[in-house]
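I open these notes with the terms I shall rely on, and then set down what I looked up, entry by entry.

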Amino acid sequence: MRREFFASYARFSLVGLSNGVVDYGALNLLMLLFPTRHPVLLASYNVVALILANANSYVWNSRWTFRGRSDRSPRELLLFSSQAALNILVAGGVIWGVSSLLFAYTNLPSLVVGDAAKVTSSVVATTLSFLVLRYVVFRERPRGERMPGLREATTPPCRSSR
């Protein structure tokens, strides 16, 4: 059990790296194209970046990290989307709070403030995301429990030639 936990966390971390490239890449691109010192606009850029990163996350986590637990059902997608929305709200709140403080009390360039706020929000939101994904969305099911949305295999009746 412990070994499987750490193996799934390692896979989750690798997926997280790819999510980070998507997330930070999109956020920095938006900040470079449309510079701002407004925390609300910065948080809005973050929402766009997180939506793209969460789409990447679902594909890789459902097909690789939690493949033995994932059934890619509508229920699972709804749970994942709910987790993503929670992640976006938490990350948005943290990025808004940190950037508000840094903009108010420092003269750091907006790109530096945005990235510092993003790193802080990523640590908080990623930890929350892993726990919700592991224990709610892709939870381990007891042996014999069917995954919702999966049909049980049935053997067609055997016809006798008599």
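Before anything on handedness, I note that a crossing counts as left-handed if the near helix is turned anticlockwise from the far one by less than a right angle, and as right-handed if clockwise. I am working from a predicted model, in which local features need pLDDT of at least 70, side-chain atom pairs count only at pLDDT 80 or more, and totals for chains, interfaces and linings use all residues. Residues are numbered from 1 along each chain as its sequence is written, and side-chain values use heavy atoms, with hydrogens and water left out.

Entry on the fold. I looked up the elements (DSSP runs numbered from the N terminus, with helices being H or I of at least four residues and strands E of at least two), and found 4 helices and 0 strands in the chain. Of the 162 residues, 38% are buried, where buried means under 20% relative accessible area, exposed over 50% and partly exposed in between, with a 1.4 Å probe and protein chains only.

Entry on helix 1 and its partners. I took axes as lines fitted to C-alpha atoms, for helices over the stretch in contact, with angles running from 0 to 180 degrees between N-to-C directions. Helix 1 and helix 4 pack at about 150 degrees with axes 10 Å apart, which means that helix 1 is roughly antiparallel to helix 4; the cut-offs are under 35 degrees for roughly parallel, over 145 for roughly antiparallel, 65 to 115 for roughly perpendicular, and oblique for the rest. Helix 1 passes helix 4 in a right-handed crossing. With helix 2, the axes come within 8 Å and cross at roughly 150 degrees, so helix 1 is roughly antiparallel to helix 2 as well, and this crossing is also right-handed.

Entry on the cores. I defined a nonpolar core as a set of buried Ala, Val, Leu, Ile, Met, Phe, Trp, Tyr and Cys residues joined through side-chain atoms within 4.5 Å. The largest has 12 residues, including Leu27, Met31, Leu42 and Phe103, and helix 1 (2-33), helix 2 (39-65), helix 3 (74-105) and helix 4 (110-137) each give two or more residues to this core. A second, separate core of 9 residues includes Tyr58, Phe66, Phe80 and Val132. For Leu42, leaving aside neighbours within four places in sequence, I listed contacts (heavy atoms within 4.5 Å) with Leu27, Met31, Thr36, Ser99, Phe103 and Gly114.
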